[in-house]
Amino acid sequence: MDYTIKIGGEAGQGIQTIGDSLAKVFSRFGYYVFTHQEYESRIRGGHNFYQIRFSDSPVTASKSVIDILVCLDNESIKAHKKELTLYGAAIYDSKLTKESIDDNRFLNIPLLEMAERFGKNKIMANTVAIGAVLGMLNFPQEVFLNILQENLGKKGGEVVKLNKDSFVAGYEFAKKECLQCAFTITPSGKPKMLMGVNESIGIGAITSGCKFYSAYPMTPSTGIMLFLASKAEEFEIIVEQAEDEIAAINMAIGASFAGMRSMTGTSGGGFALMVEGLSLAAMTETPIVIALAQRPGPATGLPTKTEQADLLFAIHAGHGEFPRVIFAPGSPDQAFYLTNKAFDISQKYQIPAFILTDQYLSDSQWTIDEIDLTKYKHTQYRIRGEKLESIKDYKRHLFTENGISFFGIQGTSKRLIITDSDEHDEEGHITEDPDIRVKMVNKRLHKKWPLIKREMGLPYFYGDSDADIVIVGWGSTYGVIKDSIDILSRNKKIAMMHFSELYPLPDSEDYMNILKKAKKTIGVENNARGQFARLIKTETGFEFDSIINRYDGRPFYSDLLARSINDIIG
Amino acid sequence: MISLADYQGKMPAWCPGCGNYSILRAFKEALIELYIAPHEFTIVSGIGQAGKFPHYLRCNTFNGLHGRTLPVATGIRLANNKMLVIAVAGDGDCYGEGGNHLIHAIRRNIGVKLFVHNNQIYGLTKGQVSPTSMEGMFTKNQPFGVLSGQLNPVTLAVALDCSFVARGFAGDINHLKGIMKEAINHKGFALLDILQPCVTFNKVNTYDWYRQRVYPIEGEYNPEDRLSAFKKSLEWGDRIPIGVIYINRRQTFEERIPFLKDRPLIDHELFTDNWSESIKKALDEFF
Ligand SMILES: Cc1ncc(C[n+]2csc(CCOP(=O)(O)OP(=O)(O)O)c2C)c(N)n1
Ligand SMILES: [Mg+2]
């Protein structure tokens, strides 16, 4: 069983509510779920959609074909009718679409009318639609009704009843009238978590002891700030909307200098404003974690669409030479783990660490069985109180064997913590002395760099261990490449190599040997010029045989990607 | 006892006769009179001649970027609201490059004290116009004289309902020390604009120019009355008032954050025993 549902309509029609509710129903029932969304940069109108794939075996990406289509406007019919399979079924309300469709897969259902009759409000059309979809699937009603009770129970019996009646009306109507519907629902497993990447970065940050998040809203990173704000009181985290991204990163640096684990998040344009601050964090050796959620540029670009085109920007941003690490998770559980690693490494080496995502990943949700909390690091590297006091000749930027100096927390002892954005001496005072300068660069960069490289995890290898063809991706393409490998491995010796810890590249020959041995290597990147391929070439000299690029602002779909790979390998 | 020697820092690299020396002197004396030890406060400074200030003292120091003192100071103050946090900036630093942050620090009413060394010129970069340079003044990059109007930071701050607004003069150390102490003792955001003669690059606003004009605010004046503060702030020209111009005792940003009431953020324990329990609870919401 592997079905895809797509809900299309204008912004403001409640697509998100319908999609989120259905996704929750399936994950609660124990299915594997993958959702993704495409929307426009507007609050009302336009055309948006929400796509849900669910199955009794793991799913990690969207397909381009759909089994159930919900059309809340006419555009949805025009845009997505061709994606509907022969055995698929669609619903629409001719009051909304302003026309009837002569196609036996399309069922006209009076969503608005039923909403007013059973829910006493047009707004209940969403609940009717949820009912209709579950009716089409002949899916047990209780799962949704339980969630309804949990979410709306507090609002009282009347609200629950109106929702329930609307749901049941839609359910019964579709179950009876959808003659085309012949979907089979298989038994399910244990309830699963359903999580988006912004939420998992947020919870990863909390787990890592993040106490300070300052940011300026920018799609698609805003979800991290919203999630942390929703937990601010419970976990005692300061979440501040700064006046701009320059302030956001400088505040986070201030809080980090004073002793708190701090983080900021933004997208390309906002990160461009943060760049001087990035360099400040490096010079003052103040740890900071930056979530950079990419969207297509240049400039404002396609504000709500997806792209992986800021990798080289993140690697090279900032004047001067200094170390940094870049992680690019491919799924919510990777994001959780890597957010923790970003905090740990940035604290340990006193450097900036990035978590690179993109709109596709940020607006996707995945099911996760469990998160193993014992795997996460929470070493406290900062020193304070008596321990700090006992260092008689404390110097913030002391020259050491490994380049790392004790970082005290000011105000917890009599020791002074001094630092400067100017080049400074060991104490932290401004200097222009050439010898100190060279020693400081060596400390910050040359001594730490080899140690940092050793921290980087190897790429994830999936598929035939003796593969002829290796598909290489990074970040958000993890799920979609994995899915297309499953499609292609039926008759090919093919494998995927996915990098989520990508800068500096892991210090190992093993993965390079796999690439060198393969008959064909293909890079897959959601950008125009293969930025990761360029990184590999610069760092190792190795060149992929081909690169599949997509830069129309849309993500890859696994069936289409499998076809593109097939076209190359023949 | 704390004495001047406790604050002995590096040798200043300012020009002989610079107004910054008197500001440094007034500040050290204010600290001694308030019994504030070096480890009990942090100076966040920007880039410029003023930005070098903390190196010539002994204290916790974050000498950050040009224009960005206030965000860094805000972050430090939020992480540790028991720490006295002082931002030191130049007029270019704070009213030019970092102008946006000033507006928002005032709105937040974060408990940071901002001392602006206002020499009405860019000192470190050798004499370009600043937002507070007087209209018509000639500088190397102003062949037609300064074309833009002069910013009055005191009026701006009163207009924004800043919780403490004052002006000092580097030529009157005793008076300056007094308002520095008032600023430090004020719990919300405090702006102290300090008229600082630049003996090398500002040949208009000299010691004499200021001495002929400044007068201390005395007598009946009530700084808690916003309208008269506004009126007072507009005085600039033949007579320039120095002293505390406006006070507004509204709640600070930190006071509005419930979990900072008992102890500062840096004393919140990380990774306590029930920490993983609470994380598990948060994760459960995703089922
Ligand atoms: C982002 C940035 N822009 C420009 C500079 C160059 N710069 C250093 S100090 C300064 C102006 C100094 O004037 P002010 O802030 O009034 O300080 P002063 O030297 O007069 O005390 C400038 C433009 C810089 N360091 N950083
Ligand atoms: Mg100046």
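These legends accompany several close-up views of a predicted model.

**View 1**
Let's start in chain B, where Asp91(B) belongs to helix 3, residues 91–97. What joins the side chain of Asp91(B) to that of Ser130(B)? A polar contact of 2.7 Å does. Beyond residues up to four places away in sequence, Asp91(B) touches a set of residues that includes Val116(B), His117(B), Asn118(B), Asn119(B), Gln120(B) and Ile121(B). Ser130(B), Pro131(B) and Thr132(B) are also among the residues it touches, as is Gly96(B).

Over in chain A, Arg396(A) sits in the loop that runs between helix 15 (385–389) and strand 15 (418–420). Do look at the backbone here, though: the backbone oxygen of Glu285(A) lies 2.7 Å from a polar atom of the Arg396(A) side chain. The side chain of Gln350(A) makes a polar contact of 3.0 Å with that of Arg396(A). Other residues in contact with Arg396(A) include Thr284(A), Phe406(A), Phe407(A), Ile417(A) and Glu426(A).

**View 1. The largest nonpolar core, with 99 residues.**
Which residues touch the most other members of this core? They are Phe271(A), Phe499(A), Leu502(A), Phe532(A), Leu114(B) and Phe189(B). Helix 10 of chain A (residues 245–258) gives the most to the core, with nine residues. Domain 2 (195–375) and domain 3 (456–569) of chain A each supply at least three residues. On the chain B side, Leu114(B) touches Phe189(B), Ala190(B), Leu191(B) and Leu192(B), and its contacts also include Leu70(B), Ala87(B), Ala89(B), Cys94(B) and Leu102(B). A second, separate core of 68 residues includes Phe336(A), Tyr349(A), Ile471(A) and Phe286(B).

**View 2. Ser278(B) in helix 9 of chain B.**
Our last stop is a serine in the helix that spans residues 275–284. Is Ser278(B) buried, exposed or partly exposed? Ser278(B) counts as partly exposed because its relative accessibility is 23%. The side chain of Ser278(B) reaches the backbone oxygen of Asn274(B) at 2.8 Å. Gly96(B) lies 182 residues from Ser278(B) along the chain, and their C-alpha atoms are separated by 45 Å.

Technical notes. Residues numbered from 1 in each chain as written. Chains lettered and ligands numbered in written order. Predicted model: local features only at pLDDT ≥ 70, side-chain atom pairs only at ≥ 80, totals over all residues. Heavy atoms only, no water. Helix = DSSP H or I, 4+ residues; strand = E, 2+ residues; numbered from the N terminus. Polar contact = N/O pair within 3.5 Å; in protein donor to acceptor, adjacent residues only side chain to side chain. Contact = heavy atoms within 4.5 Å. Core = buried A, V, L, I, M, F, W, Y, C linked by side-chain atoms within 4.5 Å. Buried < 20%, exposed > 50% of the residue type's maximum accessible area, 1.4 Å probe, protein only. Domains from an automatic or database assignment.
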